[in-house]
Amino acid sequence: MKEGIERVKERCDALGHKPTSRIIVVSIARQLLAFYEDGCLVRSYVVSTSKRPPSNVKDSLGTPRGLHEIAEKHGAGAPPGIVFKARVSTGRHFREFDPAEQTKNLITTRILWLRGLEPGANAGRNAAGEVVDTYDRYVYIHGTNHEDHLGTPASSGCVQMANLEIIELFDRVRARDLVWIED
């Protein structure tokens with residue numbers, strides 16, 4: 001996944017962005033998220049990306065590819081397993097929801113809301129006029145109530161992590177840090 005760092009630098013050069021010292025690389029094929037600081041791997045995490053093929057198109061429910069940044073962080077200080085609706089804590093742990101609700105992919109613990117940085121690819125609209133905007137699609141890196149599914153494609157487009165691990169990552173990253181998502 002180290003090659004993802006090189007792709008980030010290439011895309012930043014092409015787009016006129018300055019690379020950040022903290023970079024997240026997500027591999028859809030490997031179901032892994034790697035966190036780098038100053039070019040050195042700090043930690044890798046097993047994740048779940050979309051159960052559908054990767055896609056940047058709105059309503060595809062695919063995990064978007066390309067260069068992103070962390071646009072917003074939500075959930076600081078919330079206990080592990082707390083469920084968020086519209087990025088607001090419900091104040092309830094996922095086990096407090098009825099069994100039917102627990103079968104869904106709930107957004108838990110922390111949210112890193114992503115913004116695409118590549119116009120026409122994962123920001124705005126593509127050449128066909130389709131919305132390909134990661135931010136407007138509400139694509140996050142977040143905790144999950146289905147940690148047993150990590151390592152296999154299981155989400156509806158987001159990148160899901162174990163609850164204690166998303167807390168660790170959340171505490172290390174900042175808004176505007178770069179995220180590279182690759183096949």
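Predicted model: local features only at pLDDT ≥ 70, side-chain atom pairs only at ≥ 80, totals over all residues.

Modeller: Residues are numbered from 1 along each chain as its sequence is written, and side-chain values use heavy atoms, with hydrogens and water left out.

Colleague: How many helices and strands does the chain have?

Modeller: Helices (H or I, at least four residues) and strands (E, at least two) are DSSP runs, numbered from the N terminus. The chain here has 3 helices and 10 strands. Read from the N terminus, their order is α-β-β-β-β-β-β-α-β-β-β-α-β. The chain is as compact as a globular protein of 183 residues, because its radius of gyration of 15 Å is close to the 16 Å of the globule rule. That radius is taken over C-alpha atoms, and the rule is 2.2 Å times the number of residues to the power 0.38. Along the principal axes, the C-alpha trace spans about 50 × 40 × 25 Å.

Colleague: What share of the residues counts as buried?

Modeller: Buried means under 20% relative accessible area, exposed over 50%, and partly exposed in between (1.4 Å probe, protein chains only). By that scale, 51% of the 183 residues are buried. The accessible surface of the chain is about 8400 Å², and carbon and sulfur atoms hold 50% of that area. Such areas come from the Shrake-Rupley method with a 1.4 Å probe, and for residues only the protein chains shown count as cover.

Colleague: What share of the contacts joins residues at least 24 apart?

Modeller: Contact means heavy atoms within 4.5 Å. Among contacts between residues at least 6 apart in sequence, 68% join residues at least 24 apart. Not counting residues up to four places away in sequence, Ala175 touches Ile70, Ala71 and Lys73. With a relative accessible area of 41%, Ala175 is partly exposed.

Colleague: Is His146 buried or exposed?

Modeller: His146 has 12% relative accessibility and therefore counts as buried. This histidine sits in the loop between strand S8 (140–144) and strand S9 (159–161). Neighbours within four places in sequence aside, His146 is in contact with Gln102, Thr103, Lys104 and Asn105.

Colleague: Which strands pair with strand S2?

Modeller: Two strands pair if DSSP finds at least two bridges between them. Strand S1 (residues 22–27) pairs with S2 in the antiparallel sense over 6 bridges, and Ser27 stands opposite Leu32 there. S2 is also joined by 6 bridges to strand S3 (residues 40–46), again antiparallel, with Cys40 as the bridge partner of Glu37. Strand S2 (residues 32–37) is largely enclosed by the rest of the structure, because 5 of its 6 residues are buried.

Colleague: Which strands does S5 join?

Modeller: Strand S5 (residues 82–85) runs antiparallel to strand S6 (residues 88–93), and 3 bridges join them. Lys85 is placed opposite Val88 in S6. A further 2 bridges join S5 to strand S7 (residues 107–116), also antiparallel, where Phe84 stands opposite Ile107.

Colleague: Which residues in the hairpins take a positive phi?

Modeller: Most residues other than glycine have a negative phi. In the hairpin of S1 and S2, with 4 residues between the strands, Gln31 takes a positive phi near 55°. In the hairpin of S5 and S6, which has 2 residues between the strands, Ala86 takes a positive phi near 55°. At 60% relative accessibility, Ala86 counts as exposed.

Colleague: Where is Tyr138 placed?

Modeller: Tyr138 lies in the loop between S7 and S8. Its phi is positive, about 60°, although Tyr138 is not a glycine. A relative accessible area of 43% makes Tyr138 partly exposed.
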